[in-house]
Every structure is written in C-alpha cells, then in structure tokens.
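Hi everyone, thanks for coming. Let's take a few minutes to walk through this one together, so please have a look at the screen.

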Amino acid sequence: MLDIKFIRENPEIVKQNIRNKFQDQKLPFVDEVIALDKENRSIKQEVEELRATRNRLSKEIGKLMGQGRKEEAEEVKAQVSADGARIDELTAREREVEAGLHKAMLLIPNIIDPSVPLGRDDSENVERERFGEPRVPNFPIPYHTEIMERLGGIDMDAAGRVAGNGFYYFLGDVARLHEAVIAYARDFMIDKGFTYCIPPFMIHGNVVEGVMSQADMDAMMYKVEGEDLYLIGTSEHSMVGRYIDQILPEAALPQTLTSYSPCFRKEKGAHGLEERGVYRIHQFEKQEMIVVCRPEESMDWYEKMWRWSVEFFRSLDIPVRQLECCSGDLADLKIKSCDIEAWSPRQQKYFEVGSCSNLGDAQARRLKLRVKGTDGRMFLPHTLNNTVVAPPRMLISFLENNLQPDGSVRIPEVLRPYMGGKELLQP
RNA sequence: GGAGAAGUAACCAAGAGGCUGAAGGUAUCGGACUUGAAAUCCGACAGGUCGGGCAACCGGCGCGGGGGUUCAAAUCCCCCCUUCUCCGCCA
C-alpha cells in the first residue's frame, strides 16, 4: 500500500513499477485512485464547510435557548435543518468513494527497490551467492520419507486417515530432531540479540489485511468458522500485527524479535499438493525473525538477516545459496526479497527453505504503525521478516546432507545438546 | 459460558444533552525564588488524522470501537470489544 500523496504526485512511477512487475492489468487502478482521490477531496471540502456552519449555528441555538429566546432559536434551527439533507447525501457519497479508494489502493503493489532484477516469474529469479560445497555422494540418497521411515520416524498413512493429505505424524528420533532444530534456532537468534516470543496462533481479519495482500490471503489463510479469526500462516502475521494502531517512540527502534509458531497454509495455488512427502504441507512449524526499524536502516537489516539464515544452515553442514526474487515473483507488499535454498544431494538441485523480505513501509501504513521521532515528527517504520528455520521441510535437506552410507544420520555438533548428546541416529 | 461493574489525556479523576474541542490533581517541561536542592509560586501540557493555505493559520472528525436519535451527544438508544469481580467449565 502506497501513500496516497505519492500516487497523486508520481502516477508515472507507480505505473512503471506495475509494468516492471508484469501486472499491466492493474494499470487502470492508478487512474482510478487518482480520480477517486480528487472526488474525495472535493466532497470533503464541501461537506466540511457545511458541517462547520452547522457547528457554528448549533452553538448559537444553544445560546438563544439559554437566554429563553425560543422563537429566534427555532428560526436558526430551520436554517440548519435545510443543509441536513445535503450533508447526509455528501456523507454517504464520501463513504462510498473512500471505500472504493481504499480497495483500489490495496491492489497497487509497493514500489520495488531499484536493485531488484526485472523478471516475469520465479524462473527468472537470480542466484546471488553459494555457501558450502554442493556434494553429490557416491551412494544413493533415498526419498526423504523413506529415510524417515527407516528411522521409524514418520507415519503418513495415519496422518492421511486422520487429517487428510498434507499432514504428518513424526515419531521418536525424527520428532525429537524436529524440536531440536527449532530449539537450536531459537537459541541461535537469542544469541544474535533477538527477543524470544511466542505469539497468538490466530488473528483477526483486520490484522490479516494489515500484513498481507488479498491475493496471498485467499491462497493461504484458514478461517475459523463463525468467528473473526484466522489461523496464522506464519508468526510474522501475529508478530508484525502486534503493532497495529501503535505509536512507538523512536527510542524503541529497532524491534528485533524471534518467534516460534506452528504455521497453517491452504497451499491453494499448488494444485492439490504438488510435492509428495513433507515438502509442502498444511501445517508446519517455524522459528522466525522480524525487525521493525528506521527506513534508512532496513536494507542493512535485510542483508544481516538473510546472512544469519545462511550461517544457521552452514552450522548444520547444509550447503545453501541465496536466490533473489525478481520483480514478477515479488509479493505486492515487498520491496525486496530473497530465498535461502538448501542443497538436495538426491535431486542435485537447490530448494527453498527460507525467505527473507523487506516490506518497506507497506505493513506499517496498513496497520497504522507509526513512530514518533526524537524530533517530534511522525514517520512510518520499515518491517522485515525472515525464516530462521522451518521444519519439516528443513529436515529434508538435513537428512539428505547428513545421511551416512550405512543409513545412519549424523547429528552435527551444535545440535547434539538438543538431542540428548546423540551423535548418530541409527535405523 | 452466566451475572454484575467499569472504560475520559502519561496517570488519577470531574462531567449526566447546549457557555466542556473537556474541571481539578499527579507526573513532565519552561521560568521565578535559592549558593545548589527541596518546598513554594507563575506558565505550558488532549492526541492523532484528514481537507484547505506559500505560510501564520483555518476547518472536519475525535471522551474504548461502530451505528442511531437530535439543530446540537462524553452525556440518550442499539450493537460490539476490552478490563475487573463473582459463578460455571477446563489444559
């Protein structure tokens, strides 16, 4: 969501940005917004003048009544009533126009950072950097659910019976490994100075609207029947939503939080579930990091944040790469985003295990999160979010990269304290 | 879930349709007094947002949120939310 003043003054920039994102069908919204904004302001001018007159005359009536000059008061009253109909009419139109304006503005994408590569879709995302040697072992790597099964760690059949496709039962060492990874990620971020947080796992509709676009909402969010509650798709939603309608003192910045939550996603766009196993599922868990900061600092945070994800995966001996999202693949609220992808020795390619995003001031504007500067001025902060780790998907890369020729799985040193000291998982 | 009470500025609190766009106090800030401090006195202190204006400034909205009644609502009516107390249920 952009500043209406910005759209008013820079319609061409807004339009070019839409073209850069290959969303030409949205171009008419810009002119629509400008027209509605113009109408809105002219309505306001007229109706506010009428209201000002009414306020003034009403006061006079009060005075006359106080002095017992009832007849004169009645005269003024009639005068005020005459404008009443016009005020009602204009107020109704004002509401309509504002609703239409708001709706159209929600559809206009955020202005992308100049550094974002232009491209139509995810096929044009750009690999920026690799970390660690992508190894291809000299023994076969089974499909991840098979590795888990050999460890006695998964029951997909029962999950299917109980909850349907896209769910899982983890058992024994695999379940423990799952929680170990989360716990390690939590402490990893606490060591970076972040504050640990466990947020609500359900949020109101207005918070959902504040943190994501309509398109994302439709594709992702589960709604609780009969209540104004949605299951969160990521703790980013409740973490950033935490600031709705707040005015933070500048001294409170930056807000740096790491949160744990389960995540629920419809995965509606995925034509059923495109990948088997626990790659794309309706429920997973995630350790997340979010930052709220001064606008001028957001790109520095962005850089730091995705590098922490890399550091995390490298500490578990998993090779990764940074893949930058091109303009067409960038969600509408984001100004810059990249995926961290882990190496799969089985598929001999990288796959997404995390995503780091700079949302600029879009979420802050939608949520009405403002910061009162030390100079007394109000400004909108920037918000960022990044995955620390999201098992079970992360476990796929973990198991594949740490699988030994004899079928056992090596536990990297940093994880051992969370696994009761175990160095190896045996089939 | 049931019953009751309450939500006014950083905090406490008056206010019960018109002279309240919100008394008073505490805190805070500025000043006087003082060698300094305390105390005392004087002054400032209702935010935010939108519209108009080059600007000083003017105006709309605004007393938990949203509707309504009225020429006029913090004050009356309706719905909702939150908090507190009691009861019920429960990890």
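Strands here are DSSP runs of E with at least two residues, helices are runs of H or I with at least four, and both are numbered from the N terminus. Two strands pair if DSSP finds at least two bridges between them. Between β4 and β5 (residues 230–231) the pairing is antiparallel over two bridges, and Y222 has L231 in β5 as its bridge partner.

A word on what you're looking at: this is a predicted model, where local features need pLDDT of at least 70 and side-chain atom pairs count only at pLDDT 80 or more, while totals for chains, interfaces and linings use all residues. Residues are numbered from 1 along each chain as its sequence is written, and chains are lettered from A and ligands numbered from 1 in the order in which they are written.

Now let's zoom out. Chain A has 13 helices and 16 strands, and its C-alpha trace spans about 100 × 45 × 45 Å along the principal axes. The domain assignment, which is automatic or from a database, gives domain 1 (4–107) and domain 2 (122–425). Their C-alpha centres lie 43 Å apart. Four residues from domain 1 and four residues from domain 2 make the contact, where contact means C-beta atoms, placed from the backbone, within 7 Å.

So what surrounds RNA strand B? There are 20 residues, and the closest are E48, A52, S58, G62 and G66; near means a C-beta atom, placed from the backbone, within 6 Å of the strand. α3 (27–66), α4 (70–107) and β12 (370–372) each supply at least two residues of that surface, with the largest share, 13 residues, coming from α3.

One last stop is the helix α13 (residues 393–402). Nine of its 10 residues are buried, so α13 is largely enclosed by the rest of the structure. Buried means 20 or more other C-beta atoms, placed from the backbone, within 10 Å of a residue's own. Among the buried ones are R393, F398 and E400. Across chain A, buried residues make up 38% of the 427 residues.

How values were computed: Two residues are in contact if their C-beta atoms, placed from the backbone, lie within 7 Å. A residue is buried if 20 or more other C-beta atoms lie within 10 Å of its own, exposed if 12 or fewer, and partly exposed in between; C-beta atoms are placed from the backbone.
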